[in-house]
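Visitor: Hi, I'm new to this. Could you walk me through a structure?
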Amino acid sequence: MKVSIVIPVYNVEAYIGECVASVMAQTYHGIECILVDDCSPDNSMKIAREMIAAYAGPVEFRLLRHERNRGLSAARNTGTDAATGGYVYYLDSDDYITPDCIEKLAALALRYPGVDMVRGNTAVTDPDYPGWMDLNRGGIPEYIEENRQIRSSARVFHYLVWQVCNCLCRVDWLRQSGVTFAEGLWFEDVLWLRQLTPLIRSVAFCKDHTYIYRIQGGSFMAGSPKKRLMQSAGKVLRIIVDAAAGMTPWEKKHYFDLLASYYLVAKSKDNDEPQWSEFYDKLIADFAARYSFSLFRARIDLRALRLLPGFSKRILHRMLKYAVMGKKAHVLYRQTAAGL
């Protein structure tokens, strides 16, 4: 069984060497690795090319390049379109994988023929988030093949939707779904996973750590990220709210909690753009009115943010631990928490 690893590359010269080396160290044979250069302005691709030129192992490397910078979503879509394996695996270029990562995930794909997704366990480098993504905390079964069960179990759903990376996705199923990463948005992973979730017929979980996830600022904070972050999160959450009618109760709670987390950021003293406060007021009220969720608790939390010193940080750290958020959101939350 052939596996295609897709690595978008942009401005990661400090990390790309460790990322590529971790692919070269894989114990599984039958891997193609597609690096998509999204017009990276630094030495990331130079480092990768030099490593590949000196490499004589079994991994087949392919280098693709965009004619202009198009973003993470476009790079993942390009890699997916080019994939020739039976499964595709997304790896962020500032992260890395364990030597037995693909071997362990592929073993589950072979044990459960035709499985749509195989999710690995993730270790987070930041000591502030011990066990944040650890599958061993939740009593997750190794295999599930019923969509309603996948979407109705709080533990299964939580661990399934927080990360695009560290997951084998069956390529023919993915292409037949018609779901691609939305270009021009941050939080494309949240939307992509939301659109795929109703289509998942089977999923397997590997309890061993296979992926090392970094939380760091870097280039994510360039160019007034807060405005773009709130815009992208708002667009994605608006789409999710409008399509929430078919969700299970747990799915609705999950996305309501996610929406509430950005609502609190928009309402924080650190937010200097009042239009986002008004936007999230309307969005969270719409979700609550259409799907019978109470705003009472959110209002109490907001009042606590304003009146109780230190309580706001506990709220934010709890959201950091449990909400579905990418690296950009973690950086923003840290800044927000530090300013409260």
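This is a predicted model: local features need pLDDT of at least 70, side-chain atom pairs count only at pLDDT 80 or more; totals for chains, interfaces and linings use all residues.

Visitor: How many bridges join strand 6 to strand 9, and do they run parallel or antiparallel?

Guide: There are 7, and those strands run parallel. Strand 6 covers residues 117–124, and Thr-122 has Tyr-211 as its bridge partner in strand 9.

Visitor: And strand 7, how does that run against strand 9?

Guide: Antiparallel, with 2 bridges. Ile-144 is partnered with Val-203 there.

Visitor: How many of the residues of strand 9 are buried?

Guide: 8 of the 11, so strand 9 (residues 203–213) is largely enclosed by the rest of the structure.

Visitor: New topic. Which residues have the most contacts inside the largest nonpolar core?

Guide: Ile-5, Phe-61, Tyr-89 and Trp-192, in a core of 63 residues. Apart from that one lies another core of 24 residues, including Trp-186 and Leu-283.

Visitor: What is Ile-5 in contact with?

Guide: Leaving aside neighbours within four places in sequence, its contacts include Val-23, Ile-31, Tyr-89, Leu-91 and Ile-102.

Visitor: What about Ser-4, buried or exposed?

Guide: Buried: its relative accessible area is 0%, and the cut-off for buried is under 20%. Ser-4 sits in strand 1, residues 3–9.

Visitor: What does the side chain of Ser-4 reach?

Guide: The backbone nitrogen of Gly-85, at 2.9 Å. Not counting residues up to four places away in sequence, Ser-4 also touches Glu-32, Ala-83 and Tyr-87, among others.

Visitor: Let's do a helix. Which residues are buried in helix 2?

Guide: In helix 2, residues 44–53, the buried ones include Ser-44, Met-45, Ala-48 and Ile-52. They cover an arc of only 85° around the axis, which puts them on the same side of helix 2.

Visitor: Why would residues three or four places apart in an α-helix point the same way?

Guide: Because an α-helix has 3.6 residues a turn.

Visitor: Nice. And what covers the buried residues of helix 2?

Guide: The cover includes strand 1, helix 1 (16–24), strand 2 (31–37) and strand 3 (60–65). Strand 1 is also where you'll find Ser-4.

Conventions
Residues are numbered from 1 along each chain as its sequence is written. Side-chain values use heavy atoms; hydrogens and water are left out. A nonpolar core is a set of buried Ala, Val, Leu, Ile, Met, Phe, Trp, Tyr and Cys residues joined through side-chain atoms within 4.5 Å. Buried means under 20% relative accessible area, exposed over 50%, partly exposed in between (1.4 Å probe, protein chains only). Contact means heavy atoms within 4.5 Å. Helices (H or I, at least four residues) and strands (E, at least two) are DSSP runs, numbered from the N terminus. Two strands pair if DSSP finds at least two bridges between them. A polar contact is a pair of N or O atoms within 3.5 Å; within protein, one must be able to donate a hydrogen and the other to accept it, and residues adjacent in sequence count only if both atoms are side-chain atoms. The arc is that of the directions from the helix axis to the C-beta atoms.
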